[in-house]
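Work through the exercises below with the sequence and the model open side by side. Each task is followed by its solution in steps.

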Amino acid sequence: MASRFFGGDGKGRFGPSSFIPTAAGAYDMTVADFNLDGKLDVVTTFKDKDEVVVFLGDGTGALAQAGSWPSYGGPQFTLTADFNKDGKPDFAVTNYFAKQFTVYLNQSH
């Protein structure tokens with residue numbers, strides 16, 4: 001299973017679609033320039049797999065998986081903010097079954 005992603009062309013139109021290989025259970029996503037390359041990236045949660053996955057954007061609408069992290073307790077919703085005020089976007093994930101949230105601080109240079 002995959003999710004379809006349509007990248008904008010910068011002129012108010014959408015370009016060709018890309019597929020994000022989400023398997024079963026993709027739940028929520030947030031978007032920011034997580035690797036600080038000037039291109040938008042996507043973080044998505046997989047509630048049934050207890051996993052958070054980062055996809056890096058290439059600026060053309062294509063996304064490639066960059067890494068994944070365990071997020072125990074049924075990761076659901078995501079939020080992007082600069083939690084530690086270092087000028088880099090971080091993200092937080094709510095964990096449904098654990099009734100808590102996890103903050104992932106951006107380690108990009």
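Of the 109 residues in the protein, 37% are buried, where buried means under 20% relative accessible area, exposed over 50% and partly exposed in between (1.4 Å probe, protein chains only). The model is predicted, so local features need pLDDT of at least 70 and side-chain atom pairs count only at pLDDT 80 or more, while totals for chains, interfaces and linings use all residues. Residues are numbered from 1 along each chain as its sequence is written, and side-chain values use heavy atoms, with hydrogens and water left out.

**Exercise 1. State how many helices and strands the protein has, and give the order of its elements.**

Step 1. Take helices (H or I, at least four residues) and strands (E, at least two) as DSSP runs, numbered from the N terminus.
Step 2. The count is 0 helices and 9 strands.
Step 3. The order from the N terminus is therefore β-β-β-β-β-β-β-β-β.
Step 4. For contacts with a separation of 6 or more, residues 24 or more positions apart account for 27%; contact means heavy atoms within 4.5 Å.

**Exercise 2. Describe the open sheet of 4 strands and find its edges.**

Step 1. Strands of a sheet pair through backbone hydrogen bonds, either parallel or antiparallel. Two strands count as paired if DSSP finds at least two bridges between them.
Step 2. The strand order is β3-β4-β5-β6, and the pairing is antiparallel.
Step 3. The edges are β3 (26–32) and β6 (63–70); each has a single partner strand, so one side of each lacks a neighbour in the sheet.
Step 4. On average, neighbouring strands of this sheet are turned by 20 degrees against each other, direction ignored. The axes behind such angles are lines fitted to C-alpha atoms, for helices over the stretch in contact, and angles run from 0 to 180 degrees between N-to-C directions.
Step 5. V54 has G67 in β6 as its bridge partner.

**Exercise 3. Which residues form one aromatic cluster, and how are the rings arranged?**

Step 1. Rings of Phe, Tyr and Trp (its six-membered ring) pair if their centres lie within 6.5 Å; planes under 30 degrees apart count as stacked, over 60 as edge-to-face and the rest as tilted. The whole structure has 4 aromatic pairs.
Step 2. For F34 and F91, the ring centres are 5.6 Å apart and the planes stand at 75 degrees, so this pair is edge-to-face. F34 lies in the loop between β3 and β4 (41–46) and F91 in strand β8, 57 residues apart.
Step 3. F91 and Y104 are stacked, with 4.7 Å centre to centre and 15 degrees between the planes. Y104 is in strand β9 (residues 100–104), 13 residues from F91.
Step 4. F34 and F91 are both buried, and Y104 is buried as well.
Step 5. The cluster consists of F34, F91 and Y104.

**Exercise 4. Is Q76 buried or exposed, and what does its side chain meet?**

Step 1. Q76 is placed in strand β7.
Step 2. Its relative accessibility is 8%, so Q76 counts as buried.
Step 3. The Q76 side chain makes a polar contact with the side chain of Y27 at 3.0 Å. A polar contact is a pair of N or O atoms within 3.5 Å; within protein, one must be able to donate a hydrogen and the other to accept it, and residues adjacent in sequence count only if both atoms are side-chain atoms.
Step 4. Beyond four places in sequence, the contacts of Q76 include K47, V93 and Y96.
Step 5. The charged end of K47 in turn sits over the ring of Y96, 4.7 Å from its centre. The criterion is NZ of Lys or CZ of Arg within 6 Å of the ring centre and within 35 degrees of the ring normal.
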